[in-house]
Amino acid sequence: MKKICILLALFLSISLIGQETKTSLKTYRGEKTKIHDLVHTKLSVDFDFSQLKMNGEAWIIAKPHFYPTQNLTLDAKAMLIHEVKMGNKNLDYNYDGKEVIINLEKTYTRGEEFEVYIKYTARPEEVEQAGSQAISDAKGLYFIDPMDTDPDKPTQIWTQGETESNSCWFPTIDSPNQKTTQEIYIRVPDKYTTLSNGLLIAQVNNTDGTRTDHWKMTQAHAPYLFFMGIGEYSIVKDSWNNIAVNYYVEPDYKDEAQAIFGNTPEMIQFFSEKFGVNYPWEKYSQIVVRDFVSGAMENTTTTLHGEMAYQQKGQLIDENTWEDVISHELSHHWFGDLVTTESWSNITVNESFATYSEYLWREYKYGKDHADAHLFEDKTQYISGGNYDKKLVRFHYADREDVFDGVSYQKGANILHMLRKYIGDEAFFTGLKLYLTKHQFKSAEAHQLRIALEEVSGKDLNPFFNQWYYENGHPKLHISYEYKDLLNKVNVTIKQADKVFSFPLAIDIYESDVLANHVVNVTEKEQTFSFNYTKRPDFININADHILLCEITDPYKTLDNYIFQYNNAGHYMDRRNAILEIAKNQDNELAFKTLTKALNDPYFELRILALEKINLAGKYKKKEAIKVIEQLATTDTKTKVQGIAVGILGKLIDAIYKPVFLRGMASDSYSVKGNATIAMYDLDKTVALEAMRSFDKDAKEHLASLLTRIYIKENDESQMPFIAKNLLATMFVENFSQYHKDNFDKTFAWISGSNNSTAVQNLVSDLVSKGKQYKKYGVDQMALGLLRQIVMIQEESNNSKKIQLKLIAKQGIAELLD
């Protein structure tokens with residue numbers, strides 16, 4: 001499952017960090033004891049849209065795992081249990097709202113299969129269990145606009161099982177160490193498309209205007225990976241090796257589906273070759289749903305994506321921002337679906353691999369810079385997330401949802417990168433093939449990964465796993481140098497803060513154009529390593545391959561070192577770090593010249609970084625840099641670079657660039673269009689506002705926050721409905737300040753006190769929508785406060801128009817309180 005950090009959720013959830021209790025952390029969270037093994041699960045379901053319920057029948061085939069048993073315990077949350085049978089005979093059972101314990105009326109022994117039938121009603125709105133780190137409670141089954149009352153939202157039904165929420169819509173042993181085949185009969189109104197795991201076996205039209213779809217999965221997988229999706233979809237068809245690869249999208253996005261998901265067949269081929277195991281399932285579908293509670297979910301053969309996957313042509317020209325998620329969820333079909341973690345404590349064998357697979361795909365498709373940039377982002381998320389004290393394999397946690405964090409995902413990916421280097425590419429990927437083959441259609445833990453890699457490499461990997469998988473933290477290194485020119489020797493001292501780690505460390509020493517590569521083994525709190533040289537080195541690069549997950553303090557590096565580093569050390573991180581340091585010293589002629597050179601860096605994100613950092617004050621002395629920026633603005637191969645370059649030129653407020661800005665405002669790229677709009681507005685408001693009128697609906701929607709800020713500055717009453725619809729989005733910007741708050745308050749009062757019913761309705765609707773969506777974080781209370789302000793402002797006048805607008809706000813309050 002891919003977790004997406006929504007800015008609002010991140011902002012509001014900071015206070016929730018670290019609320020694990022000492023008592024809960026003492027509880028050991030191991031693999032769930034297997035009393036029974038699931039064999040096959042058959043379901044037949046239909047839906048009560050008005051009551052938000054599902055009528056279900058379940059036929060469950062199971063067998064004792066080892067010891068004889070007479071009772072079967074199934075997870076079944078908040079259901080109404082109507083009937084439990086074996087054959088034609090009713091069975092006695094006890095049900096406490098969470099588990100149903102069934103008396104089988106005889107003792108079954110190991111390997112002896114039996115089948116029970118359960119008729120039930122699933123009531124997802126009655127579920128009482130904490131949600132994941134996502135927005136809504138974990139209720140398993142979700143009805144979206146079930147009565148078709150929201151004109152901006154389609155009616156949909158979808159499910160989300162991880163961690164243990166599928167037992168909210170069908171009885172099962174809801175544990176990741178179970179595997180079962182499945183089939184589902186889904187009865188829906190005929191206008192809806194259905195999607196589930198496996199293959200669509202049959203469709204039967206019923207006499208009442210409904211249709212029953214029969215989906216069957218012949219390969220065993222974990223219960224949390226069961227899935228149903230229902231809605232009005234266009235199906236864009238693709239394939240890989242005669243296996244169907246389909247994309248289920250709302251009709252408005254069918255033309256963009258190929259651009260969003262079209263790399264999937266190539267990804268399947270790449271992962272099949274890289275992991276040494278061909279894609280093992282019968283099909284691969286991807287579906288996009290509304291109001292998903294996380295980023296995406298790797299339901300077997302049927303990945304679910306949140307609506308953030310939807311992108312317009314203008315966005316996709318700049319970058320497919322969902323491609324990492326697509327590769328992440330696909331790779332789960334090896335690491336997570338084919339071989340599944342035996343317990344949530346070992347979630348690393350699912351999520352660390354899926355996160356590292358994002359690196360592998362980027363490395364193959366776009367090159368090493370692209371991949372290394374992504375790995376750096378992962379490292380930054382882990383280090384900045386307050387995760388130092390958490391172990392990768394965690395047997396003690398407050399709630400199972402807590403393990404889905406920057407350790408299991410981002411740190412785990414960095415650890416796999418180190419492990420790959422430690423044993424070498426061939427041993428690493430051969431070991432992964434052995435792990436996948438040996439444990440396919442089963443569950444596993446990190447030790448079994450270690451054993452497979454040991455069997456291939458011949459290395460004892462216990463020290464590596466003990467340090468990186470079963471302990472917390474990472475090295476924090478302080479570097480110092482002592483040059484002994486008479487001896488032609490330099491001593492490099494490495495001090496470890498906090499914990500002491502053992503690791504190989506790459507050190508590169510540069511003497512002009514001569515490079516010496518060294519690898520030292522660091523094992524102590526403080527160690528000094530001596531290196532000979534012919535002349536004093538120009539630059540010493542610590543962690544030169546950037547493999548080690550660590551923090552380094554190197555206070556003795558000079559500006560000359562950083563300039564040399566940019567020009568000679570080729571790794572993405574060397575160039576990035578050099579740009580950041582050089583940018584602090586732009587008064588230095590050589591530093592500015594080097595930063596100008598970085599404007600043409602081979603990797604586009606470093607070109608963007610250089611653009612963002614360059615200072616063009618005193619522009620008449622910086623003509624060379626400006627000339628480069630002019631070229632980037634019109635000819636760079638990446639439209640994101642073009643857009644940033646246009647924005648930089650806009651800050652010069654020079655009429656010579658007016659044609660560039662006009663062309664930019666007509667660009668299909670939203671990066672170029674947005675930056676050109678700001679530049680033109682600052683240069684010539686009249687021309688900018690006129691050009692903005694020609695923007696199509698999609699462009700206005702994507703650039704809504706930018707356009708809203710411009711319309712607010714213009715106090716443009718004709719655009720008040722547009723401003724009202726997008727006002728809340730202007731609150732969530734980087735470096736939100738008192739200026740932004742004052743501007744929001746002023747605009748809010750302007751709209752709230754107006755007679756523009758469309759604008760007031762838009763503002764109320766957005767407040768209600770955001771209040772509901774982010775209720776878990778208290779946004780509903782903020783929204784209620786603002787809605788009450790609208791009522792108070794409208795109450796200052798009693799004319800009929802104001803009474804109507806006040807009623808709109810009161811209806812919004814009632815909807816939020818409902």
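Reader: How many bridges join E3 to strand E7, and which way do they run?
Author: E3 and strand E7, which covers residues 99-108, run antiparallel and are joined by six bridges; strands here are DSSP runs of E, at least two residues long, numbered from the N terminus, and two strands pair if DSSP finds at least two bridges between them. This is a predicted model, in which local features need pLDDT of at least 70, side-chain atom pairs count only at pLDDT 80 or more, and totals for chains, interfaces and linings use all residues. Residues are numbered from 1 along each chain as its sequence is written, and side-chain values use heavy atoms, with hydrogens and water left out.

Reader: What is the bridge partner of threonine 69 in E7?
Author: Threonine 69 has tyrosine 108 as its bridge partner in E7.

Reader: And in what order do the strands of that open sheet come?
Author: The order is E3-E7-E6, with antiparallel pairing among the three strands.

Reader: Why is one side of E3 and of E6 left without a neighbour in the sheet?
Author: Strand E3 (69-75) and strand E6 (93-95) each have a single partner strand because they stand at the edges of the sheet.

Reader: Switching to the hairpin, what sits between E1 and E2?
Author: Four residues lie between E1 and E2, and leucine 52 in the turn has a positive phi of about 60°. Strand E1 (residues 36-48) pairs with strand E2 (residues 53-64) in the antiparallel sense over twelve bridges, and threonine 41 has isoleucine 60 in E2 as its bridge partner.

Reader: Which residue in E8 stands opposite methionine 54?
Author: That residue is alanine 122; E2 and strand E8 (residues 114-122) pair in the antiparallel sense over nine bridges.
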